[in-house]
Amino acid sequence: MNLTRRSLIGAALALPVAARAETFAGAYAPKAEPVAEGVWMVRGADAPILFDNGGMIANSAIIATDAGAVLFDPGVSLEHGKALGALAQAVTGKAVGRVYVSHLHPDHALGAAAFDPAIVHALPATRADLERDGEGFSDAMYRLLSDWMKGTHVVLPLGDVAEGEALFGGRRFRLFAMQGHSAGDLALLDEATGTLLAGDLVFHDRAPSTPHADLVKWRAALDRLTAVQHRLLLPGHGPLDRDGGAIAQTRDWLDWLEAALTQAVSDGLDMTEAGELPIPARFAGLKAARYELQRSVSHLYPGLEARLLPRL
Amino acid sequence: MIRKKILLALIATLAAPVPAAFALPADPLKSPMWEYHAERLFGGATVRFDPAVKVEIPEIAENQRVFPVTVDARALPQVKRILIFADLNPIPVAVDYAPRAAAPFLATRIKLDQRTPVRAAVLTADGVWHVSGNWIDAAGGGCSAPPVSRVKGDWADHLGEMHGAAWALGGTQTRLRVTLRHPMDTGLVENIAAYNIERVTVTSSAGTPLADLQVFGAVAEDPAFTFIVDDAKGPLTVAARDSSGLEFDGVVTPRSATLAAR
């Protein structure tokens with residue numbers, strides 16, 4: 001059969017209504033929850049990036065200082081970044097004076113578009129990552145989030161941060177330059193309150209994601225974070241951790257994931273089968289667990305096979 | 001007047017449904033390309049949407065260049081062919097599998113060029129095509145971006161390298177997994193001609209053909225395949241040929257394991 005215009009028109013009419021309906025974004029309405037003196041947590045949805053949540057899935061933190069608010073992770077889009085900036089102004093009484101981007105992933109980084117690049121700081125590795133992948137992330141986010149992304153363009157952080165002490169607006173921070181979740185993972189300890197902003201090195205009651213993970217380095221980073229004295233931990237995704245359980249939970253998932261996928265390759269399973277492996281009951285409370293397992297299969301399985309299947 | 005009649009007759013002819021299209025069942029996935037593909041692939045044969053064909057795919061296309069698909073038609077008797085195709089791919093058919101002495105089961109990885117239905121069509125000995133599948137959302141470019149090994153530039157260093165293993169499933173069957181290094185160029189990337197594995201066969205030590213797979217450019221770079229063949233002991237010979245006529249082969253001896261039995 002030739003593809004006629006008639007058959008194409010007929011086919012277009014047969015498409016479900018939802019496929020043709022235009023959809024419009026809502027307005028971001030992030031909420032700040034005070035967690036310590038001068039520190040607020042802004043919770044993301046513990047879900048995949050979806051049009052319905054506008055990509056607002058990562059946690060952010062706001063810290064009040066004399067030189068303006070510090071915003072740790074500015075969200076996914078221009079509008080998201082603006083909403084977080086307005087929220088920071090509302091709760092601290094001062095405009096954002098410093099933005100930290102914890103790592104390259106778009107749900108944490110692309111909202112930097114709402115700020116002067118000169119006040120956006122990140123690890124040099126993160127800037128390099130964004131130089132390489134930023135436009136691709138932007139394309140992917142426009143595809144998934146369309147109208148929510150309007151006006152967003154990739155803003156590269158201009159400020160370099162390094163391991164060690166940082167003083168901003170009279171507030172003392174300890175910065176940790178780590179890697180493992182990605183090639184550059186920034187964590188920040190607010191000395192006054194003992195609040196540790198862990199970025200995506202730590203997930204809590206939400207399955208960890210692994211698109212740029214190096215599991216050996218990630219575990220080493222978790223070892224370091226465990227050794228950092230802190231009272232509260234803000235994970236990159238999931239609820240505030242007051243009892244230190246989130247680091248252990250993240251490690252437990254990564255250990256299980258690697259062992260399970262290694263075993264799956266040794267047992268001759270293919271990727272779809274590995275993605276359907278039973279998830280242990282102890283992870284029943286983790287949101288998006290099946291989704292992240294299947295993503296991790298995509299990230300890790302071909303490499304494991306190349307290593308474990310014998311050369312013929 | 002006569003001219004008008006001829007015109008009316010002509011319009012009536014044009015408007016009449018093509019017989020084959022008329023006999024096709026309505027597509028539960030409402031794909032814009034269903035009729036086009038169905039007529040091309042199935043001719044006038046009977047087509048049935050059949051949940052006995054299990055098409056297992058992840059809930060997310062994390063990587064549109066490497067999307068795993070497993071087809072399990074072991075609930076159907078006397079399977080002759082299994083097609084895996086994606087309606088909206090520029091190269092719709094990924095594989096055409098004849099399980100000569102093998103279970104009607106195949107796992108592989110394909111490319112996705114956009115959101116598309118991913119389906120399996122299974123031909124049984126009675127001439128009926130059993131079809132199943134689902135939509136999957138995917139970012140663009142799975143077929144039209146250069147393969148990783150082209151970008152890295154090392155594709156030729158590893159061309160045809162075969163890795164694999166086999167597991168005796170108990171009884172008379174062996175599960176075979178094999179991966180091959182190959183760029184699987186689609187021909188849709190500027191200045192890179194189509195170049196892909198075309199055929200993969202599995203043969204018993206006695207020379208019996210067990211599995212015969214035609215492979216197209218929509219299969220992912222560095223293709224991977226899982227077969228379940230009717231051979232208890234091995235060794236199994238896997239042979240592949242690409243579109244330049246290069247041939248690659250390897251021999252696998254099954255290890256005894258029951259964990260892979262499903």
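Begin by selecting Phe173(A), which is buried, with a relative accessible area of 0% (buried means under 20% relative accessible area with a 1.4 Å probe, protein chains only). The model is predicted, so local features need pLDDT of at least 70 and side-chain atom pairs pLDDT 80 or more, while totals for chains, interfaces and linings use all residues. Residues are numbered from 1 along each chain as its sequence is written, chains are lettered from A and ligands numbered from 1 in written order, and side-chain values use heavy atoms, without hydrogens and water.

The structure holds 13 aromatic pairs over all chains (ring centres within 6.5 Å, with the six-membered ring taken for Trp). Among them, Tyr100(A) and Phe173(A) pair edge-to-face, 6.5 Å centre to centre with 85° between the planes (edge-to-face means planes over 60 degrees apart). Tyr100(A) lies in strand 5 (residues 96-100) and Phe173(A) in strand 9 (residues 171-178) of chain A, 73 residues apart (strands are DSSP runs of E, at least two residues, numbered from the N terminus).

Move to chain B and select Trp34(B), Phe42(B), Phe49(B) and Trp129(B), which ring pairs link into a cluster.

Return to chain A and display helix 6 (residues 215-227) with helix 7 (residues 245-266), whose axes come within 10 Å and cross at roughly 160° (helices are DSSP runs of H or I, at least four residues; axes are lines fitted to C-alpha atoms over the stretch in contact, with angles from 0 to 180 degrees between N-to-C directions). Helix 6 of chain A is therefore roughly antiparallel to helix 7 of chain A (over 145 degrees).

How values were computed: Parallel < 35°, antiparallel > 145°, perpendicular 65-115°, else oblique. Phe/Tyr/Trp six-rings, centres within 6.5 Å; stacked < 30°, edge-to-face > 60°. Buried < 20%, exposed > 50% of the residue type's maximum accessible area, 1.4 Å probe, protein only.
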